[in-house]
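Have a look at the model first, then come back to the notes.

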Amino acid sequence: MSAPHMGPEEFRRHGHTVVDWIADYWSRREGFRVMPSVQPGDVAGRLPERAPEYGEPFSAMLADVDRLLLPGMAHWQHPGFLGFFPMTTSGPSVLGELLAAGLNAQGMTWSSNPACTELEMTVTDWLADLMGLPACFAGRGVIQDTASAGALVALTAALWRRAGLAWRDGGSGGRYTVYTSCESHCSVAKAARIAGIGDAGVRWVEVDGRTLAMRPQHLRALIDADIAQGLTPVAVIATVGTTSTTAVDPLPAIGKLCHAYDLWLHVDGAYAGVAAICPELRWINDGLQDADSYCVNAHKWLLTGFDCCVMWVADPEALTNAMNVSAGYLTEISSQARDYRDWQIPLGRRFRALKLWFVLRCYGAEGLRAHLRRGVALAQEFAGWVRADPRFEIVAPHPFGLVCFRLRADDDRNAELLARINSTGEIYLSSSQVRGRYVLRMAAGGPATDRAHMAGLWKRIQAEAGDA
């Protein structure tokens, strides 16, 4: 019996159905609860215990997406999804992803797919140019899956540059340290564990009480103390737009310290970095010329579907020396060809550049700027409404699309307020801790969210706050 492969004409018919389904979903997404009203195990409990013995009709599978999966989905593209940084996508991105899936290219080496490699080299240069990045990153871009992978790759390169073959061969015996803000992303700690530095080697740098940005004076003190104890500092991970509050670490001062101590400087711009496409926000690039690596998530604010993290490395040789593993079946075709397998953790790699290429071409620089500016404008107007209400306070600077605020009340009252806001399923906000206090987070920037949604959100917040 032959396998029931889907032929071209059948694929064409079902493909049209899927595209129609996606378009209909985007039209009706506002009718869903933003976050599902389910308990752990509810979705799995509605699914069969075993795979079918015989193939099922495609129409039945698509119907089960509606019946079984959508009720358990968190709808990240919903206009009321304002709790986390926007995980945006767009028509051009989805269509580019569809083409990539159809081509199913394996881009691990140049020879395995020359177009895959060279398009990636091109689009990462395009984005660097749009963002006004320093010349040290020109021609040195790569697409990772997420910024978490970017941090791990950067630490690996930093360890190579510090200890070379002795580290790679496991014989250096060094006790290494890495430095990052106490406001930085939790992926830094995970990267340190995987890279062999461990929790004991991570130093959490204090932040400024007002800006919540890293304090260079404390960074220097920590480095000096470790050196005095015979430890080996290897890297600093700074952030442009921290997760809790979008604080921007002072890169010029941090870069000078890294240069003085010969430390690798990795900058995480996962959310906010793409804002530099707008000239008025390009100040966030100040000091980047001293960075060894930088990453931004195009899948957050740049209308490109998950996953697509663009990373640039000023010294690719340190990275490739650390990551290269030889094998007879991976012989290079030319010393001039780029093999992206040496720029990342896994061997295999998807054709992510295709969807980013589609987004950059379909929107153009002005379209992207308009999208980014819209998110910033909505957040600034929302912050103005909060600031004008004496019951509330803004708790952190808000230069991008995130606003952190709270009732002028205790943490329990604020937690209760958030629960009431989210209870209807029309809106989803998240929370965090800022200076030890419970705060509410509102992150604008999704393409479906407009001023009317923001006004409705604020009206609900005011109503739920009552006489606080």
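A crossing of two helices is called left-handed if the near helix is turned anticlockwise from the far one by less than a right angle, and right-handed if it is turned clockwise. Keep that in mind for the two pairs below, and remember that this is a predicted model.

**Helices α5 and α12**
- Helix α5 (residues 114-131) packs against helix α12 (residues 353-388) at an angle of about 25°, and their axes are 10 Å apart.
- Angles under 35 degrees count as roughly parallel, so α5 is roughly parallel to α12.
- The crossing of α5 past α12 is left-handed.
- On the α5 side, the contact includes L119, V123 and W126, which meet α12 residues including L356, W357 and L360.
- Sorted by class, the contact residues of α5 with α12 are 11 nonpolar, 2 charged and no polar.

**Helices α1 and α3**
- Helix α1 (residues 8-28) and helix α3 (residues 58-69) cross at roughly 15°, with axes that come within 11 Å.
- That makes these two, α1 and α3, roughly parallel as well.
- This time, α1 passes α3 in a right-handed crossing.
- H14, T17, V18, W21 and R28 of α1 touch F58, L62, V65 and D66 of α3.
- The α1 contact with α3 has 5 nonpolar, 2 polar and 2 charged residues.

**The two sides of helix α9**
- In α9 (residues 251-261), the buried residues are L251, I254, G255, L257, C258 and Y261.
- They sit on the same side of α9 because they cover an arc of only 160° around the axis.

Definitions and conventions
Residues numbered from 1 in each chain as written. Predicted model: local features only at pLDDT ≥ 70, side-chain atom pairs only at ≥ 80, totals over all residues. Heavy atoms only, no water. Buried < 20%, exposed > 50% of the residue type's maximum accessible area, 1.4 Å probe, protein only. Helix = DSSP H or I, 4+ residues; strand = E, 2+ residues; numbered from the N terminus. Arc of directions from axis to C-beta. Axes fitted to C-alpha atoms, helices over the stretch in contact; angles between N-to-C directions. Parallel < 35°, antiparallel > 145°, perpendicular 65-115°, else oblique. Contact = heavy atoms within 4.5 Å. Nonpolar A, V, L, I, M, F, W, Y, C, P; charged D, E, K, R; others polar.
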